[in-house]
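This report describes salt bridges, a surface patch and a pocket in one protein structure. The sequence and the model are shown first.

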Amino acid sequence: MTDWTAVHEKAVAAFAEGWARPHPQAWDALLAEDVELNQPMVPPTRGRQGWGREAERLLGFLPDLRGEVLSWAGREDRLFIELRLSGTLRGKPLAFRAVDELWLTADGRVTRRDSFFDSMPVAMAVAGRPGAWPAWWRSGLGPLTGRRRLRR
C-alpha cells in the first residue's frame, strides 16, 4: 500500500528545491524520463531533456526567476502545488502565481504536469518593456512563429 502523504511531501520538497535554485536539470530527480509538461506561453513539452531546454530558455530570459511554494494539496496520485514565481524584467519586479497539477507514480516521479496561471500580466509586462524584447527573442520564448523551429 502506497503512503501517498509521504510521496506528496517528497515531491513538494523536490519541487520547492528546484524552484529555489533553478537550472535546466533542477527537477531531474522529480520528473519521469518521458514526463508530459503543459504550460501557458510555451508549447507542450515531453521528457526531462525537453523540460531542460525550456527551463534553459526561461532562465535565459529571466535569470533570477525563483519560485516559492505557498501551499499544496494531494490525493493519491494527484498533487496540486501553488507557487509564487518572481524575478526581474528590465530592472522591474515581475511576480505571478501559478498552480501546478502533478500526476505521480508511487515512487514520487512526475509523469505529467499541467501548470495554470494567468499569462496576461506576464505578456503585458513583456510588451510594456521594449528593452526586454531582444532578450525575450534570443531566449527562444519570443513569438512562436518560426523562431521555435530555429531554436530546436
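## Salt bridges

Arg78 and Glu101 are joined through their side chains by a salt bridge, at 2.5 Å from N to O; the term denotes a side-chain nitrogen of Lys or Arg within 4 Å of a carboxyl oxygen of Asp or Glu. Arg78 belongs to strand β4 and Glu101 to strand β5 (residues 92–104), so the pair ties together parts that are 23 residues apart in sequence. Strands (E, at least two residues) and helices (H or I, at least four) are DSSP runs, numbered from the N terminus. Arg78 is partly exposed, with a relative accessible area of 30%, whereas Glu101 is buried, at 8%. Buried means under 20% relative accessible area, exposed over 50%, and partly exposed in between (1.4 Å probe, protein chains only).

The whole structure holds seven salt bridges. One of them links Arg48 and Glu33, whose closest N and O atoms are 2.3 Å apart. Because Arg48 lies in helix α2 (residues 48–61) and Glu33 in strand β1 (residues 31–39), this pair ties together parts that are 15 residues apart in sequence. Glu33 is partly exposed, with a relative accessible area of 48%. A salt bridge also forms between the side chains of Asp114 and Arg112 (2.9 Å, N to O). Asp114 is buried, with a relative accessible area of 8%, while Arg112 is partly exposed, at 29%.

## Basis of the model

The model is predicted: local features need pLDDT of at least 70 and side-chain atom pairs count only at pLDDT 80 or more, while totals for chains, interfaces and linings use all residues. Residues are numbered from 1 along each chain as its sequence is written, and side-chain values use heavy atoms, with hydrogens and water left out.

## Nonpolar surface patch

Phe80, Val99 and Phe116 make a nonpolar surface patch of about 250 Å². Patch residues have over 30% relative accessible area and no salt bridge; nonpolar side chains (Val, Leu, Ile, Met, Phe, Trp, Tyr) are joined within 5 Å, and like charges within 9 Å. Areas come from the Shrake-Rupley method with a 1.4 Å probe; for residues, only the protein chains shown count as cover. Phe80 lies in strand β4 (residues 78–89) and is partly exposed, with a relative accessible area of 36%.

## Largest pocket

The largest pocket has a volume of about 600 Å³. A pocket is an open set of points on a 1 Å grid over the protein atoms alone, where a 1.4 Å probe fits, with protein on both sides within 12 Å along at least five of seven lines; lining residues have an atom within 4 Å of a point. Helix α2 gives the most to the lining, with five residues.

Definitions and conventions: Grid points are joined across faces, edges and corners, and a volume is the space filled by probe spheres set on the points.
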